[in-house]
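Please examine the model shown below together with its sequence. The briefing that follows is grouped by topic.

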Amino acid sequence: MKRKLVIAAVAASVVIGGGTAVAFADDEERTGASQVRVAEQVATDRDEVSKVSSSEVTAAEVIGAALRHTPGTAVGADREDDGADAGTWHVDVVGADGVERTVAVSPDTGEVVGVHRDTDEGEDADDADDKDDRDDRAGDDDREDLAALKGASVDAREAALAVAAKGAVTDVDLDDDDRVTVWSVDTAKSGEWQVDVRTGEVAQELDD
């Protein structure tokens with residue numbers, strides 16, 4: 001009788017042990033599959049990050065980068081069509097000193113790649129004896145742009161953001177020819193739009 005009990009106990013241990021072995025094997029298979037899925041997800045995430053980092057920056061991001069580098073009021077932004085700077089964004093910023101500077105921004109990285117000061121033709125900006133030098137450096141167009149934006153609640157960056165839903169913005173310019181000051185915003189495919197500088201109202205510009 002004892003012999004049968006011992007045999008039964010051994011048999012039971014073999015079954016339990018085998019079941020445990022099977023359980024371990026099953027766990028390894030599941031863990032391996034999980035690791036594969038995690039690795040695949042990481043690879044996918046890296047691909048998505050790569051796509052985002054390689055995509056071109058938006059007009060709003062470009063204007064923001066230019067203003068962080070060169071504080072002032074952005075009065076326009078456009079992309080260079082040809083030449084060595086083809087594709088580069090140029091953002092026109094009027095500083096507190098009334099001087100307009102053009103800030104060049106990379107379309108790929110959003111980094112500022114250059115800045116130059118705009119001057120009127122025939123102007124001697126280095127003439128220290130000229131007491132009105134500061135006023136001379138601020139061109140008539142610059143003063144008009146700043147005057148037109150007085151009391152405005154929508155800046156160039158916000159105008160670009162407002163039109164971004166219509167299509168990729170390629171140009172932002174200030175337009176006050178029709179007694180109503182608006183941002184004139186061009187897009188790659190949906191034409192030109194106008195954004196009221198005070199109300200933020202967006203309307204498509206129709207051809208005359």
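The side chains of Glu56 and Arg79 meet in a salt bridge at 3.3 Å, N to O (a side-chain nitrogen of Lys or Arg within 4 Å of a carboxyl oxygen of Asp or Glu). This is a predicted model, in which local features need pLDDT of at least 70 and side-chain atom pairs count only at pLDDT 80 or more, while totals for chains, interfaces and linings use all residues. Residues are numbered from 1 along each chain as its sequence is written, and side-chain values use heavy atoms, with hydrogens and water left out.

**Salt bridges**

- The Glu56–Arg79 pair links distant parts of the chain, 23 residues apart: Glu56 lies in the loop between helix 1 (2-54) and helix 2, and Arg79 in strand 1 (helices, H or I, of at least four residues and strands, E, of at least two are DSSP runs, numbered from the N terminus).
- Glu56 counts as partly exposed because its relative accessibility is 46%, and Arg79 is likewise partly exposed, at 26% (buried means under 20% relative accessible area, exposed over 50%, partly exposed in between, with a 1.4 Å probe and protein chains only).
- The structure holds two salt bridges; Asp97 and Arg101 also form one, with their closest N and O atoms 3.2 Å apart.
- Asp97 is partly exposed at 25% relative accessibility, as is Arg101 at 23%.

- Eight strands form an open sheet in the order 4-3-2-1-5-6-7-8, with antiparallel pairing (two strands pair if DSSP finds at least two bridges between them).
- Strand 4 and strand 8 (202-204) are the edge strands, each pairing on one side only.
- Six bridges join strand 1 and strand 2 in the antiparallel sense, and Ala77 has Val91 in strand 2 as its bridge partner.
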